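Here is a short walk through one protein structure. Please keep the sequence and the 3D view at hand while reading.

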Amino acid sequence: MSTNPVQKGKSKPAPIATCSTVNRRTNSEFVPVWALDIDSEGLLQASDRARCGGTALLGTTPVPPNPQKGAEKSGSKGFDFNERPVVAIWETTQACDLACVHCRASAQPARDPGELSSDEAKYLIDQIAEMNIPVFVLTGGDPLKRPDIYELVNYAAAKPKLNVCLTPSATPLLTEDAVRKLHDSGLHRLAISLDGASEEVHDSFRGIPGAFEHTLKTIQWANDAGQQIQVNTSITRRNIGQIDEIAALLEKFKISLWSVFFLVPTGRGQIEDLPNAREFEEAFAKLYAISRRVRFHIKTTEAQHYRRFVLQRKFEESCAEIRRSQGGSRDESPALTPHHLRTGLTPARPGVNDGKGFIFISHTGEVYPSGFFPLRAGHVRRQSLEHIYRDSSLLRALRDPERLKGKCKVCEYRDLCGGSRARAYALTGDPFAPDPCCDYMPPEAAGA
Ligand code: SF4
């Protein structure tokens, strides 16, 4: 147990959504979209949807049960993001035998002697468990470069409310035996990267021939072992045209979640590879269409405005359905005014963002709002994680929507979205600037 027990904060009841259009619908399949945390940077989305009976967000397209989707440990509800995050990610090491072109960590083969020790890592895990953070991700670099990784997975998995995930690299360290050993250690979910639908595209991302084949083998090994698996894809200009093909490839396997990262030009990520706002929107349309068809869940990372896109689409569909059922036109339906289209979408609770429901601990113990956000909030060798998360002036500012600037400040989606703070910082040097990759213009910003 931790020698520095953390005083837990009081959980607050989730606010109740109010929307006249929602209330008018009596369909028992109805699932109010803003009751779901539709992009919560990890497993919460899967568990929320499981609780909603495995239906699509508005209940119009049933999704078949996914045998990969296991029950989450309890404890992921009742969040106040000022008190604790939903997800804590620990960069176990920066060592990795791959040399990916977009690597956030600028990883290299050798381990840093300054990495957190096994005991320090266990103390960190104790704090994460005591804060009642439901999702703990061990990332890298390549976590398998640490000889104590199985012991640490085992240690974390023994915590009663912690869902432990791990993101290994597709190198010779990742074998079928390793997958089984991780599974036997209590790993909740394995996450593997796939950045292209072909060997040519994926291997050029990863910098190692054979990485594509190794990744597909790993997914199959996980399926054979009964290990939940998530696939991570980093979208850049190099592969944005392959979204449909990658989804089609994933459909051949049993995966729990497709986590789609959108480039933040940091580490080895290059600004030339960053899609523009219009290309983001086109990618969202593809992801949304795919999400209506496939059995796995889809979430985005550093594309918080995908939530806005989904909400807009869901609301349009809901309105169209209501109009159809009423046999009337838009003019005859007072609930479907532009005012409702804008403000009737207010989410019940805020969406996860950098430093808001999310925290990242580096291999040497520095704490950041996310792995793509290089402003330091504290250091776990000197302060408790709870103190850093709750009291860091940087993190408090990032959780304050009034600090946003430009169109994000006046946007009706700002609590749910808020734009990528990491990308705003990477591109403008101002963490509160509008996300330069969002195509939406809020009516207030447009002077409507
Ligand atoms: S304007 Fe900002 S807050 Fe609104 S959807 Fe775009 S990125 Fe999100």
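**A helix, a sheet and a ligand site**

In helix H6, which covers residues 199-206, the buried residues are His-202, Phe-205 and Arg-206. Seen down the axis of H6, these buried residues fall within an arc of 90°, so they line one face of the helix. What do the buried residues of H6 pack against? Their partner is helix H7, residues 211-225. The model described here is a predicted one.

The next stop is a set of strands. Strand S5 runs over residues 228-235 and is mostly covered, with 7 of its 8 residues buried. S5 pairs with strand S4 (residues 189-193) in the parallel sense, over 5 bridges. One place to look for this pairing is Arg-189, whose bridge partner in S5 is Gln-228. S5 also pairs with strand S6 (residues 257-262), in the parallel sense and over 6 bridges. Here Ser-234 stands opposite Phe-261 in S6. To get from S5 to S6, the chain passes through helix H8 (residues 243-250), and this β-α-β crossover is right-handed.

The last stop is the ligand. Around the ligand there are 15 residues, of which Cys-408, Cys-411, Cys-417, Gly-419 and Cys-438 come nearest. Which helices each supply at least two residues of the shell around the ligand? They are helix H10 (305-326) and helix H14 (406-410).

Key
Residues are numbered from 1 along each chain as its sequence is written. This is a predicted model: local features need pLDDT of at least 70, side-chain atom pairs count only at pLDDT 80 or more; totals for chains, interfaces and linings use all residues. A residue is buried if 20 or more other C-beta atoms lie within 10 Å of its own, exposed if 12 or fewer, and partly exposed in between; C-beta atoms are placed from the backbone. Helices (H or I, at least four residues) and strands (E, at least two) are DSSP runs, numbered from the N terminus. The arc is that of the directions from the helix axis to the C-beta atoms. Two residues are in contact if their C-beta atoms, placed from the backbone, lie within 7 Å. A residue is near a molecule or strand if its C-beta atom, placed from the backbone, lies within 6 Å of it. Two strands pair if DSSP finds at least two bridges between them. A crossover is right-handed if, with the strands pointing away from the viewer, the path from the first strand over the helix to the second runs clockwise.
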